[in-house]
Amino acid sequence: MILEWKKVKTKHIRLKIPYLALKKRGRPLLVPVSLEPHKCKNAEEKALFQMLLASNYYPTPYYKQGRIKVNMALVPFRIALLERSKANKVKIEKGLAKKGWTVIYYDAEEQQTNFENVLQQIQRVTTAYSHSV
């Protein structure tokens, strides 16, 4: 359930009324995969890219969703991977959540130990996603 605003127009008054909408999450997007490791800006991102490829996920580095730029994205599953030190976390997370994206944070410094945790979170989201479709 999602709370949305409905515009109601009368002759002299315009109102926005909140209402609950039931939205079913759509199917995965059909995305042509192009491997672009050259877009990764530092060694940590390249390592994350290679680890995701080794786990049979096809990430898109520096994916742009509206005005929000995501470090690494799994577009068919609508999963955004962001560095934990990113500014405006709340604003980015709310913006992506409105569009149906899941945000997973990772630490660039502790990537080797943190990657297993990130991979488990990705697997949780993708299995929940495949069960809902």
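The model is predicted. Its largest nonpolar core has 17 residues, and a second, separate core has 11. Strand β4 pairs in the antiparallel sense with β3 and also with β5.

**Nonpolar cores**

- Within the core of 17 residues, those with the most contacts are L48, L52, M72, I79, L81 and I122.
- At least two residues of this core come from each of α1 (43-54), β4 (68-74), β5 (79-83), β6 (102-106) and α3 (111-132).
- Helix α3 supplies the largest share, 5 residues.
- Leaving aside residues up to four places away in sequence, L81 touches L48, L52, V70, N71, M72, I104, Y106, V118 and I122.
- The separate core of 11 residues includes V70, I92, V103 and Y105.

**Strand β4 and its neighbours**

- Of the 7 residues of β4, 6 are buried, so this strand is largely enclosed by the rest of the structure.
- Strand β3 (residues 60-65) and β4 are joined over 5 bridges, and K64 has K69 in β4 as its bridge partner.
- β4 and β5 pair over 3 bridges, with M72 standing opposite L81 in β5.

**Hairpin turns**

- The β3–β4 hairpin has 2 residues between its strands, and G66 in the turn has a positive phi of about 70 degrees.
- The β4–β5 hairpin has 4 residues between its strands, and R78 in the turn has a positive phi of about 55 degrees.

How values were computed:
Residues are numbered from 1 along each chain as its sequence is written. This is a predicted model: local features need pLDDT of at least 70, side-chain atom pairs count only at pLDDT 80 or more; totals for chains, interfaces and linings use all residues. Side-chain values use heavy atoms; hydrogens and water are left out. A nonpolar core is a set of buried Ala, Val, Leu, Ile, Met, Phe, Trp, Tyr and Cys residues joined through side-chain atoms within 4.5 Å. Buried means under 20% relative accessible area, exposed over 50%, partly exposed in between (1.4 Å probe, protein chains only). Contact means heavy atoms within 4.5 Å. Two strands pair if DSSP finds at least two bridges between them.
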